[in-house]
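Could you walk me through the helix contacts and pockets of this protein, one question at a time?

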Amino acid sequence: MIPEGGLVVLSGSHPPGFPDDFPARLVALCSKFDARLILDTSGAALRALQAGRIAGLDVLRLDHEEAEELAARPLPTAKDSADFAQSLVRHGVARVVVLARGADGSILATDRDRWLSHAADVPVRSKTGAGDSFVAGFTLALSQGAALPDCLQRGMAAASAAVMTEATRLCERSDAERLIADCPVERI
């Protein structure tokens, strides 16, 4: 069931045989409930996005490799990533686009604004789960009515906390909360 006025997260690779335009179908369904869709995907759905078959997302999150695949070119600097993210917003793909840049942090772009949240300087044990933790921290902040730069910062803190854990463990809430101040946000 889709919550009225809520947030819906679709994250991860879609299984074989799953319709690659499923996110577009979910956007249409969410609109009936005044709900917003946050998409963090790869593979066939990313190719459907590239082909223009998915639009109207509330938030799209991509990692650096996915962003370069979608852009069909390298994005070597934070400015390049911000330019590309903002171009996706201006083409109607999503209201907000977040591009992860690994240890360099994450970019958030809207039609008018662009921010960079730096990653906290922490010991890295495993990068597995960092993206999922980012989406969780970002979504929690968004659901609490936080401003977009604060959502970006909280997502980055959660991702930074996740890389401190072993294997597939996600972030610890106490670590994520402690690292918020270590993930400063600046306009780019």
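This is a predicted model: local features need pLDDT of at least 70, side-chain atom pairs count only at pLDDT 80 or more; totals for chains, interfaces and linings use all residues.

Reader: At what angle do helix α5 and helix α6 pack?

Author: Helices here are DSSP runs (H or I, at least four residues), numbered from the N terminus, and α5 covers residues 130–143 while α6 covers residues 148–162. Axes are lines fitted to C-alpha atoms over the stretch in contact, with angles from 0 to 180 degrees between N-to-C directions. The two axes lie 7 Å apart, and the packing angle is about 145°.

Reader: How many nonpolar, polar and charged residues make the contact of α5 with α6?

Author: Contact means heavy atoms within 4.5 Å. On the α5 side the residues include Phe134, Gly137 and Phe138, and among those they meet in α6 are Leu152, Arg154 and Gly155. Ala, Val, Leu, Ile, Met, Phe, Trp, Tyr, Cys and Pro count as nonpolar, Asp, Glu, Lys and Arg as charged, and the others, Gly among them, as polar. The contact divides into twelve nonpolar, three polar and one charged.

Reader: Are the rings of Phe134 and Phe138 stacked or edge-to-face?

Author: A search of the whole structure finds two aromatic pairs. Rings of Phe, Tyr and Trp (its six-membered ring) pair if their centres lie within 6.5 Å, and planes under 30 degrees apart count as stacked, over 60 as edge-to-face and the rest as tilted. Being four residues apart in helix α5, Phe134 and Phe138 are separated by about one helical turn. Their ring centres are 5.8 Å apart with planes at 20°, so the pair is stacked.

Reader: Which residues of α4 make the contact with α3?

Author: The axes of α3 and α4 (residues 78–90) come within 11 Å and cross at roughly 65°. From α3 come His64, Ala67, Leu70 and Ala71. Their partners in α4 are Ser81, Phe84 and Leu88.

Reader: Which residues are the closest to the centre of the largest pocket?

Author: On a 1 Å grid over the protein atoms alone, a pocket is an open set of points where a 1.4 Å probe fits, with protein on both sides within 12 Å along at least five of seven lines, and lining residues have an atom within 4 Å of a point. This one holds about 700 Å³ of space. It has 32 lining residues, and the closest to the centre are Arg61, Gly102, Lys127, Ala130 and Gly131.

Reader: Which helix gives the most to the lining of the second largest pocket?

Author: About 280 Å³ of space lies in this pocket. Two or more lining residues come from each of α5, α6 and α7 (173–179). With five residues, the helix that gives the most is α5.

Reader: And which residues does Pro149 touch?

Author: Pro149 lies in helix α6. Its C-alpha is 20 Å from that of Ala162, which is 13 residues away in sequence. Not counting residues up to four places away in sequence, Pro149 touches Trp115 and Val185.

Technical notes. Residues are numbered from 1 along each chain as its sequence is written. Side-chain values use heavy atoms; hydrogens and water are left out. Grid points are joined across faces, edges and corners, and a volume is the space filled by probe spheres set on the points.
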